[in-house]
Amino acid sequence: MNFKSKSTFISYILIGIALILGSIFYAWYNKEVLLTFNSAEKMYHDGYYFTSAASNDTESIYSLAIYDMIDTGYGTDDGKSEVYTVFGDDGLYFLEANPNNAKIKSMLEFFDKYASEEHPDDEPLPVRYLIVEPHTDSTSILSTIADKVDPDSTFRNREEGKLYDDFYISQTSLTKNIAFHLAVTLVIMVVGVGMIIVAFTRKSKNADTYEKLCELDERLRDNINELDNIADYVDKSLGAYVYKNHLILNTKFGFDMFNLNNLVWLYHNITRHKMYAVITVGIDYALQINMFEDGRCREQRVMLTNNKKAEDAVVSLITYIGMNYPNALIGFTPETKQAYREFKQSHR
């Protein structure tokens, strides 16, 4: 059996496997983000923590262990942004966040409550975690806040008490990052699996069509090339044959056969692929084959070729079928479209 579509089957399988492997590689490449599960504590314990000498870098996203948090009273006029001082791993940081954020409010309440209670000296300090992102120091009031909270530069162990950029951080989340990377991974994998499924489905359909062809003429079993000699119409460039009232299409896109005695409407589609909406870089030719079989209409679009010079061959095929099967509607016109609509309505 010599199907032109055999190479396409192998290509689809290889492309499908490549896409699946690509999705796995993409997930592995972004594993630092995906495996955080948007948990600040997990991220911190995995080593992605922000300190004044942080060397770890995951797109500038870190986790911060917070031992105390104070509202400085500085914020934007619209009330959507406040500056907080937080005592972190090795110093004092300035956190910009929305005061209406549930986690921020919960942390403030927790540390305020803890500060109002008595605790043994040997009791370990409580810790809360936030995912944060460093920002450039664009808030001129930060130095004023720093001097107010830490007048002796006790927590700002820097030369001359200078406020460095990496002290200014804002609360963030990895939810969007995780969702994006996970979506890309799943889409690539689904497309890859889909191509493999399509390949095997197409292969199974090819085998069924081949059996039908052999039932039409047993001489063609294991000798499909004999069609070149016995078919009433032969176009090797398209892989199109008409034999015993059947249209047989043996193209790289699949192996199909249609009983032309059941043909209702036939026309061809031309799809031009353009670069910059001007330059044609590819052309696809397809047949729209609408049949009436087993008491119902069956409409199928079949890819023929993407050979740019195939238009004359496609037109010749349709013309031949139109001349030999005059009961079928041929070509796409307002009249044939209306006639087919009326045919469907009368054969419901």
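Student: How many bridges join β4 to strand β6?
Tutor: Three bridges join them, and the two strands run parallel. Strand β6 covers residues 168–171. Keep in mind that this is a predicted model.

Student: Which residue is the bridge partner of Glu96 in β6?
Tutor: Ser170 is the partner of Glu96.

Student: And what stands opposite Leu95 in β6?
Tutor: Ile169 does.

Student: What about strand β3 and β4, parallel or antiparallel?
Tutor: Antiparallel, over six bridges. Strand β3 spans residues 82–87. Here Leu95 turns up again, as the partner of Tyr84.

Student: Is β4 enclosed or exposed, and why?
Tutor: Strand β4 runs over residues 92–97, and five of its six residues are buried, so the rest of the structure largely encloses it.

Student: Back to β6. How does strand β5 pair with it?
Tutor: Strand β5, residues 128–134, pairs with β6 in the antiparallel sense. That pairing has three bridges. Glu133 has Ser170 as its bridge partner there. Ser170 is also the partner of Glu96.

Student: Which residues of α8 are buried?
Tutor: Ala313, Val314, Leu317, Ile318 and Ile321. Down the axis of α8, the buried residues fall within an arc of 135 degrees, so they line one face of the helix.

Student: What is exposed on the other side of α8?
Tutor: Asp312 and Met323 are exposed there.

Student: Where is Asn30 found?
Tutor: In the loop between α1 (6–29) and α2 (31–34). Asn30 has 8% relative accessibility, so it counts as buried. Its side chain makes a polar contact of 3.5 Å with the side chain of His181.

Student: And where is Ile197?
Tutor: Ile197 sits in helix α6, residues 175–216. It counts as partly exposed, because its relative accessibility is 49%. Ile197 and Ile13 are 184 residues apart in sequence, yet 8.7 Å apart in space, C-alpha to C-alpha.

Student: How many salt bridges, then?
Tutor: The search of the whole structure finds 11. Side chains of opposite charge can pair when their charged atoms come close.

Student: What does Asp46 meet in a salt bridge?
Tutor: Lys42, at 2.7 Å from N to O. Asp46 is partly exposed at 42% relative accessibility, and Lys42 is partly exposed at 31%.

Student: And which residue pairs with Glu117?
Tutor: Lys113. The closest N and O atoms are 2.6 Å apart. Glu117 is partly exposed at 35% relative accessibility, whereas Lys113 is exposed at 51%.

Student: Which residue does Arg221 meet in a salt bridge?
Tutor: Glu211, at 3.3 Å from N to O. Arg221 lies in the loop between α6 and α7 (227–230) and Glu211 in helix α6, so the pair ties together parts that are 10 residues apart in sequence.

Student: Which residues are linked in a network of salt bridges?
Tutor: Arg202, Lys205 and Asp256 are linked that way.

How values were computed:
Residues are numbered from 1 along each chain as its sequence is written. This is a predicted model: local features need pLDDT of at least 70, side-chain atom pairs count only at pLDDT 80 or more; totals for chains, interfaces and linings use all residues. Side-chain values use heavy atoms; hydrogens and water are left out. Buried means under 20% relative accessible area, exposed over 50%, partly exposed in between (1.4 Å probe, protein chains only). Helices (H or I, at least four residues) and strands (E, at least two) are DSSP runs, numbered from the N terminus. Two strands pair if DSSP finds at least two bridges between them. A polar contact is a pair of N or O atoms within 3.5 Å; within protein, one must be able to donate a hydrogen and the other to accept it, and residues adjacent in sequence count only if both atoms are side-chain atoms. The arc is that of the directions from the helix axis to the C-beta atoms. A salt bridge is a side-chain nitrogen of Lys or Arg within 4 Å of a carboxyl oxygen of Asp or Glu.
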